[in-house]
Amino acid sequence: MNINHMLMAAVAACAALGASAQTRDIKLGYNGDLSASPSAQSGQAAVIGMQAAIDDLNTAGGVLGRKLTLVVRDDTSAPPKSIQNMSDLIDNEKVAAVFGPTNSGNAMAWKHIPNQKKIPVIGNVGSGTDITKPVSVGSDNYMFRVSMVDHEQVVALMAYVKKNAARSKVIGLMAESTGYGQGGLKDMEEIAALQGIKPAAIERFGVGDTDMTSQLNKMKSAGVDTLVIWAQGTPIAQLIRSMEKINYFPAVLTSWAADNVTFFDAAGKTLAEKPLFMRTVDENRPPAQQKLFDRIGAQLKGPSAFSFAAHGYDSVLLLAQAMKQAGSTDGSAVRAALEDLKVPVNGLLKTYNKPFSKTQHEALTAKDFVWTKWKNGKLVAYTDPIISGFSAADFKK
């Protein structure tokens with residue numbers, strides 16, 4: 001073979017390789033707890049919603065002419081495993097983006113990895129406030145989110161406490177000892193200070209504790225009439241059951257984890273009605289949400305998990321639109337596109353019109369949340385004169 005034939009063969013080989021790369025599936029990763037913690041069913045629901053969105057996109061022709069596939073890794077709620085999964089998905093599976101995690105503390109353990117490797121991450125379960133903060137001031141930030149945000153929830157809950165001052169005279173704070181719980185406690189203390197609220201007592205408990213009567217007796221002795229709690233579903237239920245043991249029932253405001261079926265199952269129908277909390281969906285679903293629920297509802301551990309399926313679905317739609325706008329799956333280009341989406345994305349939760357910017361990586365904020373309580377075994381939207389009377393000035397953050 002002469003030199004010209006060799007060059008022509010090399011060009012043809014490169015062209016074939018390029019064509020192969022263009023037709024290969026775009027891999028997306030999910031890294032989160034699917035089996036271990038009280039929040040595992042939330043991760044399961046997010047994956048179900050993501051897969052539904054991927055199926056819909058693939059049916060419509062895929063993204064950039066390529067099919068999407070989902071590679072799932074269970075981190076069993078363990079930070080070392082979650083870190084290992086992240087490296088595996090990026091380095092070995094060569095995913096274009098990662099979704100997750102389920103538990104906020106795990107995101108904090110590995111968020112430096114996608115930022116170093118320039119791989120976008122869109123969280124759709126974990127709600128820890130610091131997840132989407134840049135690793136250093138002014139640096140490019142590859143962490144985005146389509147989910148609740150602890151800080152935004154706390155802002156609203158503390159506004160409720162402040163407006164309810166006639167009844168909420170003595171405030172107590174309680175949180176589980178995980179990264180999720182302690183991040184929420186930090187938010188609660190900061191926002192309470194902004195609202196001029198001075199907690200009479202602050203207590204912590206383990207995520208696996210079943211008896212919190214010691215901590216509650218301290219609250220009772222301090223005269224606490226309103227308790228703000230930050231924990232996962234099962235621990236919140238155990239706390240409410242501990243209240244029953246000592247016949248002490250202050251008003252309870254808590255994190256959105258109280259919508260979890262694990263909370264309802266552990267608390268029971270009557271005690272489940274005690275807390276007031278916020279979530280991203282109402283059980284009176286609009287048509288698009290109902291259509292997806294009819295399609296995937298049987299796969300969910302309970303109807304309450306649907307919110308995470310919706311987060312998963314919408315997070316995939318936003319990533320797909322960013323890839324289309326960038327004309328590429330390159331991480332830096334996709335990040336830049338996410339920060340300046342030119343076309344509104346019609347999601348299940350809302351129409352996302354420029355949901356992100358260079359400095360703001362949260363697609364959902366307090367105005368997108370629904371006040372909620374359990375009633376007769378169902379999640380129902382809740383309102384009262386305090387909620388209906390809120391103004392923007394009440395939300396101090």
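Ser77 is partly exposed, because its relative accessible area of 26% lies between the 20% and 50% cut-offs. Its phi is near 70 degrees, a positive value in a residue other than glycine. Ser77 sits in the loop between strand E2 (68–74) and helix H3 (79–92). The model is predicted, with a mean pLDDT of 93 for the protein.

**Confidence**
- A pLDDT of 70 or more is reached by 94% of the residues.
- Residues 3–21 have a pLDDT below 50, and beyond near neighbours in sequence this stretch has two contacts in the model.
- Where pLDDT is low, the predicted coordinates should not be read in detail.

**Other loop residues**
- Lys94 is not a glycine, yet has a positive phi of about 60 degrees.
- The loop between H3 and E3 holds Lys94, which counts as exposed at 59% relative accessibility.
- Gly100 and Pro101 are joined by a cis peptide bond, with omega about 0 degrees.
- Pro101 belongs to the loop between strand E3 (97–99) and helix H4 (104–110).

**Helix H2**
- The 20 residues of helix H2 (residues 40–59) should span 28 Å at 1.5 Å a residue, which agrees with the 29 Å between its end C-alpha atoms.
- Of the 20 residues in H2, 15 are buried.
- Gly61 follows H2 and has a positive phi, near 115 degrees.

**Nonpolar cores**
- The largest nonpolar core has 110 residues, and Leu28, Tyr30, Met158, Ile229, Phe263 and Trp371 have the most contacts inside it.
- Helix H12 (residues 306–326) gives the largest share of this core, 12 residues.
- Beyond its neighbours within four places in sequence, Leu28 is in contact with residues including Ile54, Leu68, Phe99 and Met323.
- Another core, of 13 residues, lies apart and includes Leu89, Ile90, Ala107 and Ile131.

Technical notes:
Residues are numbered from 1 along each chain as its sequence is written. This is a predicted model: local features need pLDDT of at least 70, side-chain atom pairs count only at pLDDT 80 or more; totals for chains, interfaces and linings use all residues. Side-chain values use heavy atoms; hydrogens and water are left out. pLDDT is the predictor's confidence in each residue, from 0 to 100. Contact means heavy atoms within 4.5 Å. A nonpolar core is a set of buried Ala, Val, Leu, Ile, Met, Phe, Trp, Tyr and Cys residues joined through side-chain atoms within 4.5 Å. Buried means under 20% relative accessible area, exposed over 50%, partly exposed in between (1.4 Å probe, protein chains only). Helices (H or I, at least four residues) and strands (E, at least two) are DSSP runs, numbered from the N terminus. The expected span of a helix is 1.5 Å times one less than its number of residues.
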